[in-house]
Amino acid sequence: MEELVALCKRRGFIFQSNEIYGGLQGLYDYGPLGIELKNNLKQSWWTSMVYDRDDVEGLDASILTHPDVLKHSGHEDTFTDPLVDCKSCGLRFREDQIPDQCKGEELTEPRDFNLMFKTNVGPVDDGSSYAYLRPETAQQIFTNFKNVVDSTSRTLPFGIAQIGKAFRNEITPRNFIFRVREFEQMELEFFVTPGTDDEWHKKWVDSRTKWWIDQGIDSSKIKLLNVTGDDLAHYSKSTIDLMYEFPHGLEELEGIANRTDFDLGSHSKNQDQLNIKATTIANNSSNAKLAVQDISDNSLIVPYVIEPSAGVDRGVLAILNEAYKVEKLDDGKERVVLSFKPHLAPIKAAVIPLKKNNEALVEKAIELKNILQKLRLGRVVVENTGNIGKNYRKHDEVGTPMCITVDFDSLEKQLVTIRNRDTMEQESIDIKLVPDYFRNYFLS
Ligand code: GAP
């Protein structure tokens, strides 16, 4: 983990947030390469969830959330962690995360600590008008259920996908970007006819496992955990956690839950008319029935929900961990390489003029960069620092799949050299063929 954290800072992937003022615990900023990696991961999720399917719509809802939403979702009452104080050092910990040095010390009885951040809304700060920063993106998908059904005429089964920030006042944020207070989720709420939920749950567990493997995660490092007992969330009939061997241990990367009809039922008015199976709290604030009509007998059905919910930041950490390799070279030296899958690589290609101050070479490199950039396959850069060996090492370390060197043969014979990050093999090709080569590489 230390090597990864150091590389992330050195190469501009991830920085401690508010660092020049001493930092703020549990918050991180994504730098020039981190934002590219994160966007590529999110885009890959969106493409597979929304574009490659015909039964999912997208949504981007507000972060600030009406207190009634989080009252009826159960978060106001149950979204808590048990907190203990160490009387010796005065620090507070989650009951299951007490550090070794405090274990023998006198600890207070655990008490519930709500993890939601609250903020004042409007110009009066007297506590009468507040909202929560959403603790999961899911709730605003449920509250928009009727809007999406009415505007798209969707029938069951169908899903609503959303990517966005979520906030939790974690008692002990830790392990780099694994457990933080501000993070992003990629969540799908997939609405199904009650009775088909177990089958859909299984399908989504299989599909999500395959997707992570397609992002470069080694299948042997993934374990499926059937969540039971107190660990099962209040809304869930059954949850499978997709666990990954992070550098600090086997932990949750994504949860795939069967949320039954709890959420749509809880956010509905006139619940007694809806044949809801889950135990919900009566709702006198909502103005909608979140149900669909059964065309066979015109009755109302509250759909069951299967929810694959993945953390973007945990995804980035897992991808970085998989990609990070230190390789011994033939000359006895070592190289660090991030062997990202091409679609995730922050920089797709670096175009390198062999001599940094040679105008003709630099001009040719810029021309080629602009052609490749316009193919819209991701970021392409010109690396104009002169030392070809150092440039190759740098781009190995940030995971650039190809380096294209423009040299004097490029001016005389229209040839460039393409070096492959993983094999380090180099081939000489006609500059006119580079766009096709590049396109085929990233689209195959
Ligand atoms: N809507 C369901 C839900 O929020 P969750 O298991 O609490 O379920 C889903 O969170 C995913 O969000 C987790 O699998 C994890 O990847 C990510 N996540 C949760 N808390 C996090 C935190 N404090 N820091 C980073 N990621 C977190």
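Residues are numbered from 1 along each chain as its sequence is written, and side-chain values use heavy atoms, with hydrogens and water left out. Because the model is predicted, local features need pLDDT of at least 70 and side-chain atom pairs count only at pLDDT 80 or more, while totals for chains, interfaces and linings use all residues.

**Overall make-up**

The protein chain has 444 residues, of which 49% are buried. Buried stands for under 20% relative accessible area, exposed for over 50%, and partly exposed for values in between, with a 1.4 Å probe and protein chains only. The chain contains 14 helices and 24 strands; these are DSSP runs numbered from the N terminus, helices being H or I with at least four residues and strands E with at least two. Along the principal axes, the C-alpha atoms fill a box of roughly 80 × 65 × 50 Å.

**Ligand surroundings**

The shell around the ligand holds 19 residues, and E136, R168, E170, E187 and E252 come nearest. A residue is near a molecule if one of its heavy atoms lies within 4 Å of it. By class, the shell has ten charged, five nonpolar and four polar residues. Here Asp, Glu, Lys and Arg count as charged; Ala, Val, Leu, Ile, Met, Phe, Trp, Tyr, Cys and Pro count as nonpolar; the others, Gly among them, count as polar. Strands β11 (182–192), β14 (249–260) and β17 (304–311) each supply at least two shell residues. The most come from β14, which gives five.

| Residue | Protein atom | Ligand atom | Distance |
|---|---|---|---|
| V180 | backbone N or O | nitrogen | 2.8 Å |
| Q185 | side-chain N or O | oxygen | 3.0 Å |
| R259 | side-chain N or O | nitrogen | 3.4 Å |

On its own the ligand has 550 Å² of accessible area, and the protein covers 91% of this; accessible areas come from the Shrake-Rupley method with a 1.4 Å probe. The space taken by the ligand is the largest pocket. A pocket is an open set of points on a 1 Å grid over the protein atoms alone, where a 1.4 Å probe fits, with protein on both sides within 12 Å along at least five of seven lines.

H234 lies in the loop between β12 (222–227) and β13 (238–246) and is partly exposed, at 37% relative accessible area.

**Backbone features**

Most residues other than glycine have a negative phi, and most peptide bonds are trans. L156 and P157 are joined by a cis peptide bond with omega about -10 degrees. P157 belongs to the loop between α7 (145–152) and β10 (158–167). S153 is also placed between α7 and β10; its phi is positive, near 55 degrees, and S153 is exposed at 60% relative accessibility. N18 has a positive phi as well, near 60 degrees. N18 sits in the loop between β1 (14–16) and β2 (28–30) and is partly exposed, at 39%.

**A buried threonine**

T65 lies in strand β4 (residues 64–65) and is buried, with a relative accessible area of 1%. The T65 side chain reaches the backbone oxygen of I63 at 2.9 Å.

Methods. A polar contact is a pair of N or O atoms within 3.5 Å; within protein, one must be able to donate a hydrogen and the other to accept it, and residues adjacent in sequence count only if both atoms are side-chain atoms. On a 1 Å grid over the protein atoms alone, a cavity is a set of points where a 1.4 Å probe fits but cannot get out, and a pocket is an open set with protein on both sides within 12 Å along at least five of seven lines; lining residues have an atom within 4 Å of a point. A molecule sits in a cavity or pocket if more than half of its atoms lie within 2 Å of its grid points.
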